[in-house]
Amino acid sequence: MKTSFLFASICVLFTLLFSCTSTKEEERTTKQTTDKQQVETVETMAKRHVEAKLGIPANEKYSLKIYKSDLDGDEKEDAIITVNRMEFARKDAERSNKTAQRASIGYMGNHNYIFYFDGGLNQISPEIAIPSSPLVPLTISFEHITSEAYKDILIDYRIMNASFRDYFTISTHTPKKIFQWKNFDGLVKGDVEAYHFEYDEGTMGPVKDILVKKAILLQPKNEVDPFTYEPQMEKTDILVHRFFYHPSKGTYMTKK
């Protein structure tokens with residue numbers, strides 16, 4: 001009986017020791033997994049994700065930039081990743097024997113992209129092409145427009161001798177375009193237009209109105225490349241249009 005009792009006690013002790021060791025090992029494994037997830041930041045994810053989604057070969061030179069802000073109100077830092085594939089645009093034109101033709105329109109095409117990094121989900125979205133000239137990379141800025149709790153995305157890009165601005169907001173973890181207008185047109189040649197933007201209390205709700213005001217574009221005195229030159233502009237207080245956000249249509253409109 002004593003031998004049986006001793007054997008049973010040893011078994012119980014061994015079971016407890018093994019259970020404690022397993023629990024500690026599981027805790028260590030869980031901690032290592034959590035630490036690995038914390039290390040996997042947008043910086044470490046971006047290059048791998050972008051190259052996979054766009055099929056970028058290892059020998060291609062391209063530019064990648066990351067712009068950070070809270071873009072959905074969950075108090076987690078999000079980001080917009082921009083990608084410019086100028087080298088690909090040039091080589092693609094050469095392969096097609098259309099270098100001169102495409103150069104004459106600034107290599108217009110889908111060579112500028114954005115990706116959205118959701119800080120709450122720790123995920124990067126599929127690519128969103130911004131049809132434009134890759135001679136000038138996209139410029140990203142942020143502004144409180146649809147909410148004071150988070151910022152929206154402003155994307156400036158070039159089309160030949162003109163510059164445009166797109167406005168995006170995040171809806172269900174996805175960038176959604178809600179407005180577009182010119183920054184300027186007619187640089188060096190053509191009919192000159194120039195605008196700047198201000199924001200005011202919303203006409204139909206909390207989303208701010210966008211005020212498009214006239215600006216004066218200062219044409220360069222010396223010869224420049226109209227596809228890449230960034231002109232100076234002087235703001236005026238002349239209101240051209242007042243756009244308000246229509247909640248049911250999900251876009252900006254203006255009164256005729």
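Predicted model: local features only at pLDDT ≥ 70, side-chain atom pairs only at ≥ 80, totals over all residues.
User: Why is Asn97 called exposed?

Analyst: Asn97 has a relative accessibility of 72%. Exposed means over 50%, so Asn97 counts as exposed. Asn97 sits in the loop between α3 (86-95) and α4 (99-103).

User: What makes the phi of Asn97 worth a remark?

Analyst: The phi of Asn97 is positive, about 55°, although Asn97 is not a glycine. Most residues other than glycine have a negative phi. Asn122 also has a positive phi of about 55° and is not a glycine.

User: Where is Asn122, and why is it called partly exposed?

Analyst: Asn122 is in the loop between β3 (112-118) and β4 (123-124). Its relative accessibility is 30%. That value lies between the cut-offs of 20% and 50%, so Asn122 counts as partly exposed.

User: How do you know that His111 is buried?

Analyst: The relative accessibility of His111 is 11%. Buried means under 20%, so His111 counts as buried. His111 is found in the loop between α4 and β3. Beyond its neighbours within four places in sequence, His111 is in contact with Val83, Asn84, Arg85, Phe88, Ala89 and Pro134.

User: What makes a set of residues a nonpolar core, and which residues have the most contacts inside the largest one?

Analyst: The members must be buried residues of the nonpolar kinds that the rule names, joined through side-chain atoms within 4.5 Å. The largest such core has 15 residues, and Leu71, Ile80, Ile130, Ile153 and Ile155 have the most contacts inside it. Two or more residues come from each of β3, β6 (139-143), β7 (152-159) and β8 (162-171). With four residues, β8 gives the largest share of this core. In soluble globular proteins, nonpolar side chains tend to be buried together.

User: What is Ile130 in contact with, leaving aside its neighbours within four places in sequence?

Analyst: Ile130 is in contact with Gly109, Asn112, Ile114, Leu138, Ile155, Tyr157 and Phe168. A second, separate core has 14 residues, among them Ala46, Ile56, Ala79 and Ile124.

User: How many aromatic pairs are there, and why is the pair of Tyr157 and Phe164 called stacked?

Analyst: The count comes to ten aromatic pairs. The ring centres of Tyr157 and Phe164 are 6.0 Å apart, with 15° between the planes. A pair needs centres within 6.5 Å, and planes under 30 degrees apart count as stacked, so this pair is stacked. Both Tyr157 and Phe164 are buried.

User: Why is the pair of Tyr167 and Tyr199 called edge-to-face?

Analyst: The ring centres of Tyr167 and Tyr199 lie 6.3 Å apart and the planes are at 70°. Planes over 60 degrees apart count as edge-to-face, so the pair gets that label. Tyr167 is in strand β8 and Tyr199 is in strand β10 (residues 193-200), and the two are 32 residues apart.

User: How do you know whether Tyr167 is buried or exposed, and what about Tyr199?

Analyst: Tyr167 has 1% relative accessibility, so Tyr167 counts as buried. Tyr199 has 23% relative accessibility and therefore counts as partly exposed. The cut-off for buried is under 20%. Tyr167 and Tyr199 also belong to a cluster that ring pairs link, together with Phe179, Trp181, Tyr195, Phe197, Phe243, Tyr245 and Tyr252.

User: Which residues line the largest cavity?

Analyst: Its lining consists of Ser63, Leu64, Lys65, Thr82, Val83, Asn84, Pro137 and Leu138. At least two of the lining residues come from each of β1 (63-69) and β2 (78-84). By class, the lining has four nonpolar residues, three polar and one charged.

User: What lines the largest pocket?

Analyst: The largest pocket is lined by 13 residues, and Asp156, Ser163, Asn183, Phe184 and Glu230 lie nearest its centre. The lining divides into six nonpolar, three polar and four charged residues. The strands β7, β8 and β9 (174-185) each supply at least two lining residues, and β7 supplies the largest share, three.

Technical notes. Residues numbered from 1 in each chain as written. Heavy atoms only, no water. Buried < 20%, exposed > 50% of the residue type's maximum accessible area, 1.4 Å probe, protein only. Contact = heavy atoms within 4.5 Å. 1 Å grid on protein atoms, 1.4 Å probe; cavity = no way out; pocket = protein on both sides within 12 Å on 5 of 7 lines; lining within 4 Å. Nonpolar A, V, L, I, M, F, W, Y, C, P; charged D, E, K, R; others polar.
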